[in-house]
Amino acid sequence: MSATQSKTAFGRIFPPREAWQAKAPVEPIIDPELPIIDTHHHLWHRQGATGARGESWEVPSFRYLLHEFLADCATGHNIIGSVFLQCHSMYRAAGPMPMRPVGETEFAAGVAAMSDSGSYGGTRVGAGIVGYADLTAGDWVTPVLEAHIRAGGGRFRGVRHSAGYDADPVIGNSAPDMQPGLYLRADFRAGLARLSELGLSLDAWGFHPQIPDMTDLARALPATNIIVGHCGGPLGYGRYAGKSDAVFADWKRSVIELAKCQNVTMKLGGMMMRLAAYDYMGLDAPPSSEQLAEHWRPYVETCIELFGADRCIAESNFPVEKMGIGFAALFNALKRLASGASADEKAAIFAGTARRVYRLDC
């Protein structure tokens with residue numbers, strides 16, 4: 001599938017199509033009692049959606065807040081808790097620029113407090129909060145991190161500072177001004193050291209060509225808790241379209257080395273927008289969980305094999321993944337991909353490992 005043939009604008013986020021989602025095949029929930037901590041979801045209200053390249057364009061208002069997330073959680077799986085992930089939501093409108101992302105932690109902590117009241121069901125939404133601070137500030141990032149900790153009300157767990165870069169403009173980098181080699185920079189590593197000293201973790205995310213940089217980073221700071229998102233970010237569109245075998249081989253070579261770093265945990269999922277395994281905007285209805293599992297199988301099964309259940313955690317990446325599949329089918333797919341694991345290993349992948357790496361009490 002080439003970028004020109006595809007109807008899907010891979011690398012861009014847009015509101016899910018509810019009517020299209022309603023056409024999804026009905027399927028029973030696999031292992032409905034299995035406790036799940038969703039380790040990666042967002043909450044936002046965007047008046048005009050923003051793409052991964054930083055552009056804005058005319059789309060309907062995109063609201064995905066507590067009620068919308070809980071509605072997805074209520075579709076059959078046993079979601080006992082969640083981790084909110086940085087998504088440039090509700091940053092402060094004024095004040096020093098480095099401090100503005102603290103507004104997101106304030107927002108997420110407020111939503112988590114609503115959830116903890118018990119008035120919205122048993123799912124502990126936002127039991128952990130991962131925000132943003134510019135780690136290239138080095139030592140100067142410390143007051144920003146301390147402000148996040150105060151704002152989080154005991155829930156702030158770390159920072160996501162993404163490094164996704166590709167020279168192909170079709171890909172859409174993780175920030176409009178992103179340059180290659182972020183994780184190799186001395187100033188970034190100085191900031192990461194301050195993060196680690198405060199007992200906080202790094203959510204690392206980039207594209208599969210950045211995995212060697214993640215490995216170098218993990219080796220340089222072996223005491224730092226690093227959590228890699230979206231199976232390491234394999235790409236399947238733009239200049240990578242039609243090269244799935246080469247991409248997988250390159251990705252696997254890099255992940256084999258990354259998995260040797262015992263301070264690294266891998267998130268399973270989150271590949272809808274970047275792997276481009278299927279052209280969801282061109283389909284009449286969403287795929288089944290079995291179909292999605294087949295698309296993702298090489299990546300997810302390899303991660304489980306290399307990292308083990310004690311260093312793998314499950315993520316929804318909602319509402320981003322909702323562009324291409326529903327919440328119930330997504331977790332059914334992940335359960336299919338973990339079907340070869342023992343009961344104890346499944347308990348770890350879907351909740352136990354998350355409790356440890358994000359220090360959760362749900």
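**View 1. K267 and H40 meet through their side chains.** A polar contact of 3.0 Å joins the side chains of K267 and H40 in this predicted model. K267 itself belongs to strand β9, which covers residues 264-268. Is K267 buried or exposed? With a relative accessibility of 0%, K267 counts as buried, because buried means under 20%. Look around K267 and, leaving aside residues up to four places away in sequence, you will find contacts that include T39, L85, D203, H230, C231, E315 and Y358.

**View 2. Strand β5 sits between two pairing partners, β4 and β6.** Begin with β5 itself, residues 124-131, where 7 of the 8 residues are buried. Strand β4 (residues 78-85) pairs with β5 in the parallel sense, over 4 bridges. One place to look is L85, whose bridge partner in β5 is V130.

**View 3. Helix α4 belongs to a β-α-β unit.** Together, β5, α4 and β6 make this unit, and it is right-handed. Which residues of α4 (residues 142-151) are buried? They are T142, V144, L145, A147 and H148. An α-helix has 3.6 residues a turn, so residues three or four places apart point the same way. The cover over the buried residues of α4 includes α3 (102-116), β6 (156-160) and α5 (186-197). Just after α4, have a look at G153, which takes a positive phi of about 55°.

Definitions and conventions. Residues are numbered from 1 along each chain as its sequence is written. This is a predicted model: local features need pLDDT of at least 70, side-chain atom pairs count only at pLDDT 80 or more; totals for chains, interfaces and linings use all residues. Side-chain values use heavy atoms; hydrogens and water are left out. Buried means under 20% relative accessible area, exposed over 50%, partly exposed in between (1.4 Å probe, protein chains only). A polar contact is a pair of N or O atoms within 3.5 Å; within protein, one must be able to donate a hydrogen and the other to accept it, and residues adjacent in sequence count only if both atoms are side-chain atoms. Contact means heavy atoms within 4.5 Å. Two strands pair if DSSP finds at least two bridges between them. A crossover is right-handed if, with the strands pointing away from the viewer, the path from the first strand over the helix to the second runs clockwise.
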